[in-house]
Amino acid sequence: MTRHRTQHVHFLGIGGAGLSPLAQIHLAGGGTVSGSDAEESPRVATLRARGVPVRVGPPPAADAIAAELAGVDVVVASSALPDDHPEIVAARRLGLPVRRRTEWLPELTADYRLVAVAGSHGKSTTSAMLALVLRAAGLDPTAVIGAEVSQLGGNALTGAGDVFVLESDEYGGAFAGLEPTVAVITNVEWEHPDIFPDAAAVQAAFTAFARRVRPGGRLVVCGDDPGVAAVLARLSTPGTPPEPSETPETAPVAPEPATSAAGTTGAAAGPAFSVIDYGFGAERHWRAVDVDPTRGDDTARAVVLRGGEEVGTLTLGVPGRHSVLNALAALAVATDLGVEPAQSLATLATYTGAARRFEFVGFWRAADAPVAAALGPVAAEALQAVPGARAASLAPRTAASAPLTAAPAPLTAGSGPAIATPAAPAPVSAPALVPMPSAGAPAAATTTADADPAGVHSLEIIDDYAHHPTEIRLTLAAARSRARGREVWAVLQPHTYSRFAAMLDGFATAFTDADRVYVTDIYAARETDDLGRHPTDLVKRLSDPVTAAYVPWLALVDRLAADVRTALTGPAPSHGVLLLTLGAGTITTVGPRLLAALEAPPDA
């Protein structure tokens, strides 16, 4: 289809979420693919099953690397690999062009109508919704999404159409070189403080991104968002200098003022594009009214207006007002690409969610309750790896546990940074929530409401990627509405020292919809400097939840299991517990491990 599809591309870090979909797309387009990765993973297994040779493990000797690169035209390296990585050094020594993902994306998308979906929050869900809608409408898009989506078969689509839906990240200037036909900005908020010193720096990056919309293209934005308003103001200021990510050769001329609806913005000597906005405000071109975010059934509903005229009713199988906004963005873009709103609304009603976005893990209750334990796909996979584990109803527990108090646990050498925590398994993309077979377990469970209609004296576990104060606040609001009188417990693994330190005050006010908060060790990711902060700093600031505590990572599952048993089977059992695991690190493993621990005898 395009020049680079005939090339042999070797991907370094091919099993990562960023490069694995690009490898799949290149392969599907007729190109040759090979690669390497540090460890085995389901993504590596999928690529091997499609005939892609992948070496796993540390880099071999220089001559072995040279042999691997024989016949390769281009090397695409993960941004996680340093410039002095042996395989990058070897490729350059051989004279091979080495591209980072940010450099490869513009080449990959150049011949498509690129829809670049950006924003501080909501990118994955909006991209997934849009890809689903466009596929159902017959546009056969190509797509790269930052989360596994079971309805799409993973995190990539390899279509034959001319539309490319790309989740576009601001981190490290990943979206800086793109030239979208349609650019979406869901919201703009201070994030990634390790590279953006303040909100103004984030706004500058998104302004540069918006200025790269192709002539005659569209900029689709959430008009309710203050950060988006700041970006539009920058765009409408004549003579605004190039942003730091732009070079004098590529910096476009600043456009004239943008309209707040579906008007035109442009510059006398530069590109012109239209701005389409959406939101809840009365002045929005695409507007949701009569919003019913959720009433305990994991749905969101709203009436949709376009230019003040009703076009239909939006019904979603995922909760929260933020989900309504994400759907409005997808609806606006799909309509711009020629899909009838009624068809888009019908497809959006079938959307079941993306991995780690308010994802059901499983639930547990004692044997004397009338319903047995049911498991989501992630928990089922985890329990299959535990010898003797099964999804049966459990004997009553009376094990004592230390009461949850606001006093933090003492700091010990064993409670350091989470860089030593176990690696999280790849997301499971099974579309149905099917319990493991066992005597007394239900034959199938399609929703948690079906499995446990009353939620009485039971534990339900939801896993979510939320790791920013705003994301946590929205996720817990949806959980509170879903809880139907149950207690809401939040288990947070802070993600990166820099974010935790910079946004500590925001985290302190993000848990107002939680009854209990457990904070475990910080997941360091790429960082090594703890900036003098510790999870207890957050625990000391939390005041709205009834109780909060710091629990070291290695003790977390045992502590949660003990507290759940006490809460649900003690002398004064709780009506029920809705427990959320929150974070972008290995916290996703906690839900399945907690279910396995509850299955085991208390003293096991």
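This is a predicted model: local features need pLDDT of at least 70, side-chain atom pairs count only at pLDDT 80 or more; totals for chains, interfaces and linings use all residues.
If we skip the neighbours within four places in sequence, Ser 124 is in contact with Ile 145, Gly 146, Ala 147, Glu 167 and Arg 357.

Ser 120 is in the loop that runs between strand S6 (113-118) and helix H6 (123-136). Is Ser 120 buried or exposed? Ser 120 has 4% relative accessibility, so it counts as buried, the cut-off being under 20%. Again leaving out the neighbours within four places in sequence, the contacts of Ser 120 are Glu 170, Thr 186, Asn 187, Val 188, Glu 189, Phe 206 and Glu 471.

Now back to Arg 357, the one that touches Ser 124. The charged end of Arg 357 sits over the ring of Tyr 465, 4.5 Å from the ring's centre. There's another case of this kind to look at: Arg 321 has its charged end over the ring of Phe 280, and here the distance to the centre is 4.1 Å.

While we're on rings, how many aromatic pairs are there? The count comes to 3 aromatic pairs. Trp 489 belongs to strand S20 (residues 487-492) and Tyr 518 to strand S21 (residues 516-519), so the pair ties together parts 29 residues apart in sequence. Both Trp 489 and Tyr 518 are buried.

The structure holds 21 salt bridges, and I'll show you a few.

Take Arg 486 and Glu 460, whose side chains meet in a salt bridge at 2.8 Å, N to O. Arg 486 is in the loop between helix H13 (469-483) and S20, while Glu 460 is in strand S19 (residues 458-464), so this bridge ties together parts that are 26 residues apart in sequence. Arg 486 is buried, at 2% relative accessibility, and Glu 460 is buried too, at 3%.

Next, Arg 218 forms a salt bridge with Asp 336, with 2.9 Å between the closest N and O atoms. This pair links distant parts of the chain, 118 residues apart: Arg 218 is in strand S11 (residues 217-222) and Asp 336 is in helix H9 (residues 321-336). Arg 218 is partly exposed at 25% relative accessibility, and Asp 336 is partly exposed at 29%.

Then there's Arg 48 with Glu 40, a salt bridge at 2.7 Å, N to O. Arg 48 is partly exposed, with a relative accessible area of 33%, and Glu 40 is partly exposed as well, at 48%.

And here's one more for you to find on the screen: which residues are linked in a network of salt bridges? Those are Asp 224, Asp 277, Glu 283 and Arg 284. That's my tour, thanks!

Note on methods
Residues are numbered from 1 along each chain as its sequence is written. Side-chain values use heavy atoms; hydrogens and water are left out. Rings of Phe, Tyr and Trp (its six-membered ring) pair if their centres lie within 6.5 Å; planes under 30 degrees apart count as stacked, over 60 as edge-to-face and the rest as tilted. Helices (H or I, at least four residues) and strands (E, at least two) are DSSP runs, numbered from the N terminus. Buried means under 20% relative accessible area, exposed over 50%, partly exposed in between (1.4 Å probe, protein chains only). A charge sits over a ring if NZ of Lys or CZ of Arg is within 6 Å of the ring centre and within 35 degrees of the ring normal. Contact means heavy atoms within 4.5 Å. A salt bridge is a side-chain nitrogen of Lys or Arg within 4 Å of a carboxyl oxygen of Asp or Glu.
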